[in-house]
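Subject: Structure for your review

Dear colleague,

Please find the structure below, together with its sequence. My notes on its salt bridges follow, and I would be grateful if you read them with the structure open.

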Amino acid sequence: MQHVTTHRTGGIIAQVLAGAWRTGGPPLEVEPEDLQRVAPLLHQTGTGALVWWRVRGTALADTETGDGFHQAYRLHTLEAEIHALRLNDVLCRLDAAGIDALLIKGWAIARRYPEVGLRPYTDLDLIIRPGQGEAAQGALAVPLALEGPVDVHDGPSRVDALGFEQLAERSEAVSLGDRLVRILGAEDHLRLLALHALRHGVFRPIWLIDLAVCVEGRSSGFDWERCLGPVPRQREWVIDAIALAARLLGAHVEDTPAAGRAGTLPDWLIRAVLRNWARGTGTSHLEPVFDALLARLRSPRLAWAEARRRWDRPIEATLEVGGPFNHLPRWPFQMVAVARRTPEWREALRRPTAPRWRDPGARQTAPC
């Protein structure tokens with residue numbers, strides 16, 4: 001019964017967000033009680049403003065639930081202005097220190113939406129030239145005037161297979177007030193967004209909406225060969241991520257390499273995404289898995305729940321072992337992924353300062 005309820009909850013979220021990024025799309029047809037039911041999850045995963053974009057001008061806009069989405073729209077619009085100021089501060093500091101930076105995700109994709117406030121973001125993600133990490137750390141040592149997390153990648157190796165020089169050569173300059181910002185080229189950015197979503201189990205619907213916005217808004221000269229990249233398995237993953245956006249959210253992919261793939265995606269993949277949407281959180285920002293299990297040993301119920309949560313990562317496990325998204329069962333991939341974490345288990349047992357017991361009533365939270 002819980003599985004059915006979870007699947008239905010994820011399905012309602014997909015129904016609410018289908019085509020939500022488009023201007024002048026069809027009105028949302030969903031029962032008010034269903035919208036109210038998933039509203040906390042939509043707010044939690046950053047899609048509240050997009051829901052307002054869909055319900056404005058309808059009877060749903062005049063409900064208490066609709067007003068909550070209107071407030072989210074107002075808040076995200078204000079936060080977008082604050083974020084732009086913080087971004088300008090960070091880039092000025094890096095420029096002064098002679099650091100080359102490429103902006104990814106966040107503002108770089110939000111600018112593609114009909115309004116910049118429709119796509120919320122909290123941190124700044126930047127790729128800098130390899131070897132400039134210490135200089136960047138020094139440039140950002142003094143607290144920003146507008147505080148906020150800044151994630152600086154010392155080279156692109158953790159997020160993409162291409163080198164910094166190649167990404168920089170293919171990057172583009174866009175305006176942010178009176179300055180120019182270097183962002184990834186459209187093809188490279190779509191690939192990075194697709195792989196990032198899959199690595200985190202696509203637990204935030206906004207990541208598939210990002211793909212839909214990029215695909216539907218691409219230029220006539222968009223180069224799919226460049227987008228899919230040089231790594232055969234990653235090419236498959238990018239196509240499958242775009243196909244997910246089509247299958248679950250109605251993205252238009254008819255004239256793309258993902259055309260026809262949406263209908264052949266394995267059922268386990270669809271179910272996994274909908275389960276993650278029904279939870280509203282992923283596992284990538286949580287404490288290490290074995291630390292979490294050790295800390296819950298006094299409560300078998302909590303330990304079992306934590307083990308099930310950490311096991312239910314079929315998408316992430318597939319990427320971790322370099323596998324395909326085919327119709328084969330996922331448990332072998334998950335077993336291999338668990339086995340590869342054996343060193344983490346040994347480290348957790350050896351770590352003298354690692355917490356061994358935790359109050360079962362204590363609740364752990366993590367940003368999404």
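E216 is partly exposed, as its relative accessible area is 27%. In this predicted model, E216 forms a salt bridge with R22, and the closest N and O atoms are 2.7 Å apart. The pair connects distant parts of the chain, 194 residues apart: E216 belongs to helix α9 (residues 205-216), while R22 lies in the loop between α1 (2-17) and α2 (32-44). R22 is likewise partly exposed, with a relative accessible area of 22%.

A second pair consists of R129 and E165, whose side chains meet in a salt bridge at 2.0 Å, N to O. R129 has a relative accessible area of 24%, so it counts as partly exposed.

Another salt bridge joins R93 to D89, with 3.2 Å between the closest N and O atoms. Because R93 and D89 are four residues apart in helix α4 (residues 64-96), about one helical turn separates them. R93 is buried, since its relative accessible area of 19% falls under the 20% limit.

Finally, D160, R170, D188 and R191 are linked in a network of salt bridges. In the whole structure, the search finds 16 salt bridges.

Yours sincerely,
A colleague

Conventions:
Residues are numbered from 1 along each chain as its sequence is written. This is a predicted model: local features need pLDDT of at least 70, side-chain atom pairs count only at pLDDT 80 or more; totals for chains, interfaces and linings use all residues. Side-chain values use heavy atoms; hydrogens and water are left out. A salt bridge is a side-chain nitrogen of Lys or Arg within 4 Å of a carboxyl oxygen of Asp or Glu. Helices (H or I, at least four residues) and strands (E, at least two) are DSSP runs, numbered from the N terminus. Buried means under 20% relative accessible area, exposed over 50%, partly exposed in between (1.4 Å probe, protein chains only).
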